[in-house]
Amino acid sequence: MSAPTATARRSRTRWFALGAVAVAGAAFVAISVSGIGDNLVYYWGPKELRAAGDKAVGATIRLGGQVAPGSIKPGDGVSNLEFDVTDGTALVHVVATGVPPQLFRDRIGVVVEGTMTRGGTFEGHRLLVSHDNKYRAPADKNVDIKTLMRSTAGLEER
Amino acid sequence: MRTAGQSRLSLASVALGVVLLVAGSYWGLARAPPEIFMGDVQRIMYVHVPTAWNAMLALVFAFVCALMFLFTNDWKWDNRLEAAIEMGVVLSILLCTQGAIWAKPTWGVWWDWDPRLTTTAVQVFAFGGILALRAFAADPMKRAVWSAVACIVAFADVPIVYFSVKWWNSLHQAQSTPDTVSSAFHWPLRINAIGILFLWTGLVALRARLGALRLRGELAPPDGGPPLVTR
């Protein structure tokens with residue numbers, strides 16, 4: 001290929017590069033700052049669920065938060081496990097069916113999929129446990145049980 | 001064309017990577033203590049987290065290669081681009097597999113469409129799609145330009161994967177820091193991360209050489225004369 005053609009081609013591909021960077025940058029900015037996150041909600045916290053009021057009743061939604069300490073009431077057999085989900089300010093009572101994951105305990109983060117009832121109880125039919133970004137060795141002197149058990153990193157960030 | 005010495009260097013990098021990965025995994029599986037709540041399940045962190053870091057690094061390298069190709073039109077950047085995207089896709093698929101194995105005993109599900117997992121799936125399919133695009137383009141120049149442009153556009157997802165756990169509510173936990181991870185867990189993580197880094201850089205260098213050999217055949221004149229591009 002002759003030299004002028006190669007130079008012309010190179011200047012054309014440079015424009016392609018700048019165009020592609022512009023498209024990628026625009027996409028990134030649109031997703032990061034445009035508030036698209038307000039429409040892409042993986043779960044609601046208890047406060048948001050309470051604020052939604054009647055709008056939340058009936059629809060399948062996810063509720064995320066922490067299991068309120070001392071609130072777990074094992075139900076009959078494996079069904080109707082009851083507990084409260086909290087974000088520190090609001091509280092939602094949950095009646096969940098199914099077997100909870102092994103890590104389920106007081107103060108752990110949970111994401112419950114289900115529906116809100118008129119009575120104000122959340123009927124969960126899918127119970128997921130989330131863990132935070134802390135990993136502790138048994139003999140670690142720096143273990144701080146309080147921070148260790150604060151879970152659901154998504155809530156913690158806010 | 002690469003010299004035999006550079007090939008030996010790549011092979012040495014792969015070998016060093018394997019040795020480090022074996023050592024780090026032995027440390028993580030047999031020497032490090034179990035995590036107090038998750039127990040032995042947490043040990044998958046020693047491959048999962050290094051895989052995530054390296055998948056991201058491989059795709060950053062692919063992005064740099066794409067820009068370099070479009071700015072210089074030097075074929076070596078196209079060869080590296082192809083190798084880096086392949087590595088990024090392989091590491092991302094491994095990442096999702098390890099994540100699923102970790103998720104089942106902790107979260108209670110293999111997979112869920114939370115922001116981190118969804119954006120990672122987008123990463124797999126976007127860069128996997130570029131490899132498919134390359135397979136369909138017969139003209140080397142078109143193949144190189146199209147895949148470089150597609151790579152730059154697809155790269156927008158890579159920082160979104162990183163920030164997804166910060167921006168949105170997600171099931172996946174946020175990034176750990178040395179402060180949130182016991183010091184007993186640090187070294188196996190670091191050794192495996194460096195091991196995977198040596199492993200993939202060596203493999204990418206070897207794969208780029210294969211790409212260069214194929215390209216030499218593609219760009220050779222049909223009469224069997226000397227190749228136009230010898231790089």
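Predicted model: local features only at pLDDT ≥ 70, side-chain atom pairs only at ≥ 80, totals over all residues.

Student: Where does A:Ala20 sit?

Tutor: A:Ala20 belongs to helix H1 of chain A, which covers residues 3–33.

Student: And what does A:Ala20 touch, leaving out residues up to four places away in sequence?

Tutor: A:Ala20 touches B:Val149, B:Ile152 and B:Val153.

Student: Next, the cores. Which residues touch the most other members of the largest nonpolar core?

Tutor: They are A:Phe83, A:Val110 and A:Phe122, in a core of 32 residues. The elements giving two or more residues to this core are, in chain A, helix H2 (46–52) and strands E1 (60–67), E2 (81–86), E3 (91–96), E4 (109–116) and E5 (121–130), together with H2 of chain B.

Student: Changing topic: what volume does the largest pocket have?

Tutor: The largest pocket has a volume of about 850 Å³. It is lined by 37 residues, and the closest to its centre are B:Val49, B:Ala52, B:Trp53, B:Arg116 and B:His172.

Student: Which elements give two or more residues to that lining?

Tutor: In chain B, these are H2, H3, helix H4 (115–136), helix H6 (157–167) and H7.

Student: How do the lining residues divide into nonpolar, polar and charged?

Tutor: The lining has 23 nonpolar, 12 polar and 2 charged residues.

Student: Now the helices of chain B. What span should H1 have, at 1.5 Å a residue?

Tutor: Helix H1 of chain B (residues 4–31) has 28 residues and should therefore span 40 Å; its end C-alpha atoms are 39 Å apart, which agrees. Just after H3 of chain B, B:Gly108 takes a positive phi of about 100°.

Student: Which residues of H1 in chain B are buried, and what covers them?

Tutor: The buried residues are B:Ser7, B:Ser10, B:Ser13, B:Val14, B:Gly17, B:Gly24, B:Ser25 and B:Gly28. Their cover includes helix H2 (45–72) and helix H7 (186–219) of chain B.

Methods: Residues numbered from 1 in each chain as written. Chains lettered and ligands numbered in written order. Heavy atoms only, no water. Helix = DSSP H or I, 4+ residues; strand = E, 2+ residues; numbered from the N terminus. Expected span 1.5 Å × (residues − 1). Buried < 20%, exposed > 50% of the residue type's maximum accessible area, 1.4 Å probe, protein only. Contact = heavy atoms within 4.5 Å. 1 Å grid on protein atoms, 1.4 Å probe; cavity = no way out; pocket = protein on both sides within 12 Å on 5 of 7 lines; lining within 4 Å. Points joined across faces, edges and corners; volume = space filled by probe spheres on them. Nonpolar A, V, L, I, M, F, W, Y, C, P; charged D, E, K, R; others polar. Core = buried A, V, L, I, M, F, W, Y, C linked by side-chain atoms within 4.5 Å.
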